[in-house]
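Let's learn to read this structure together, one feature at a time. Have a look first, and then we can start with the questions.

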Amino acid sequence: MPQSTTSDMLHACTPLSRRGFGRGIALSVASACAMPRARAAGSTVAARVVLDTERPGRILPGSLCGLSLETAVLSNSAVLNARNTALVALHRGLSAQGVLRLGGNTSDLGWWDPGGGQAPDDISHPAHPRDIFAITHEHLENLRGFVDATGWSVVWGLNLGTGRPEQAAREAAAVATHLGPALLAFQIGNEADLFNRYGHAMRGPAWSFTQFLHDWTRTATAVVAACPNARFWGPDVAVRDDWIVRFAQAIPASLRPHVTRLSAHYYAEGPPDAPDSTIAHLLADDPRVGELLDTLRPVLHRTGLPFAITEAGSCFLGGKPGVSDTFASALWATDYVLRMAQGGCDNVCFHGGAAEVEHANNGRSIGAHTDADRARARRGAFYSPIAGTPETGYITRPLYRGLQAAQSLSRTELLPTEMEAKGINLSAYAGRRGKVITLVMVNRDLTHDADVTIESPAERLIVRSARLLSAPTVDADTAVTLKEAPDRVGAGGTRTLAVPHASALVVTMG
Ligand code: BDP
């Protein structure tokens, strides 16, 4: 995917920015500014959703929504630690078997220190002189305790940026030993498609896919020599969809059985100061999502490999206050996860964490312009689903509730749905588990309420329960709830349900 001019301009002004976001999104200034603070007097549309209960698709995994953290989080031994019971509970509140991906920019700055040594001279980088950190036995033991307490599994990012294959192999062996069955897979290199960009600066200007494949193969080969059962997810790129396709085609035969999932990252917008890093833009359809799914469809079919978004966020460079930490991010995420799931993606890990995210971004929280914002960002990057520290305790950000709403389709067989949205920004996703059918309707429209009539030609469905994902306003950063809406469950099996603007409704039927 070639970088757009916009992206190059952004790249020129903001050292770490690197994504061509927003291509093709037609967003008028008027709509970008439309920010209803109270319920707007928009009209109600009569929409219709048709469920095809006879053609169930694949079963979505229990780990549909996962979390992603910077590897540098391990430097604070109290965070990923079984004794951090508040954080354990918040992971369990999302999923009983989620995926915790450790990676991000800091995964290319960590080095395996088997015993209190000095960082090897060749693990250093002029662009990140003070960011190199050690990974120790103690860190890995704490991590194991944490994931055992949560029931989650780990995807571990190995250092391709500043490390050497032998070091990665030693690190992989230690990680495999400590994590045991809780280790799902390794990744090699974080967003290697950006390694030649200023800010990442891990490689020179001539860096290419061919060189990446060469380096990746050397590292993976060394890792397999040290851990014969190693599994890999890759290529974990930021923007180059074509690298995913080329990677799937070019994995050397000896490593092919070890690659168990294709992976990439997605940020809906950014950097925070870009004019269209807004709530309206976040909630509008992003054409890149459809483009990626179209690109991947034949590859997933041909290789039989599943696909994951191992790092997702509303706005790169730490998120944007007033956007990433608002209810809008919850609505965006519910729709994004389910849209991706419908397109063949099995897992979306949302990036977050606290000060380590600043670490990953060279010590800056770009979106924070006041001391209060900076203090808030240190407790949790604006895009983080969870904010807090072991000392202060933890809170959920609005995004977390959106992930819980999306998780309601985990472990269901996806059902084809057709939404007649009458021109408003309304989507629907459904799944079946045994006799129960769950339907998630997301109304990302900022002004139009919808009365949605549910039709299922093959069987008569009766609404049994409904939960509403809502908040006082779309830009609310508190009081976001996902709670029972008994008024939606009409007597006699009413099947026309109200989905107000800026809300989502999770309905179970049988
Ligand atoms: C991603 C990096 C991660 C950063 C994040 C961001 O992998 O380390 O923290 O962007 O920009 O690309 O916030």
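Q: Where is I462 found?
A: I462 is in the loop between β18 (449-455) and β19 (463-470). Helices (H or I, at least four residues) and strands (E, at least two) are DSSP runs, numbered from the N terminus. This is a predicted model, in which local features need pLDDT of at least 70, side-chain atom pairs count only at pLDDT 80 or more, and totals for chains, interfaces and linings use all residues. Residues are numbered from 1 along each chain as its sequence is written, and side-chain values use heavy atoms, with hydrogens and water left out.

Q: What is A78 in contact with, leaving aside its neighbours within four places in sequence?
A: Contact means heavy atoms within 4.5 Å. With those neighbours set aside, A78 is in contact with N84 and P390. A78 sits in the loop between β2 (65-70) and α3 and is partly exposed, with a relative accessible area of 31%.

Q: Is H91 buried or exposed?
A: H91 is buried, with a relative accessible area of 3%. H91 belongs to helix α3 (residues 85-92). Beyond its neighbours within four places in sequence, H91 is in contact with L67, L100, F146, T150, W152 and I386.

Q: How many residues does helix α9 have, and how far does it reach?
A: The expected span of a helix is 1.5 Å times one less than its number of residues. Helix α9 (residues 287-303) has 17 residues and reaches 25 Å from its first C-alpha to its last, close to the 24 Å expected.

Q: Where does the kink in α9 lie?
A: The bend at a residue is the angle between axes fitted to the seven residues ending there and the seven starting there. In α9 a kink of about 35° lies at L296, shortly before the proline P298. Just after α9, G304 takes a positive phi of about 70°.

Q: What covers the buried residues of α9?
A: The cover includes α7 (241-250), β9 (259-269), β10 (307-315) and α10 (327-342). Among the buried residues of α9 are L292, L293 and L296.

Q: How are two packed helices described?
A: They are described by the angle between their axes and the distance between the axes. Axes are lines fitted to C-alpha atoms, for helices over the stretch in contact, and angles run from 0 to 180 degrees between N-to-C directions. The axes of α10 and helix α13 (residues 398-407) come within 7 Å and cross at roughly 30°.

Notes
Buried means under 20% relative accessible area, exposed over 50%, partly exposed in between (1.4 Å probe, protein chains only).
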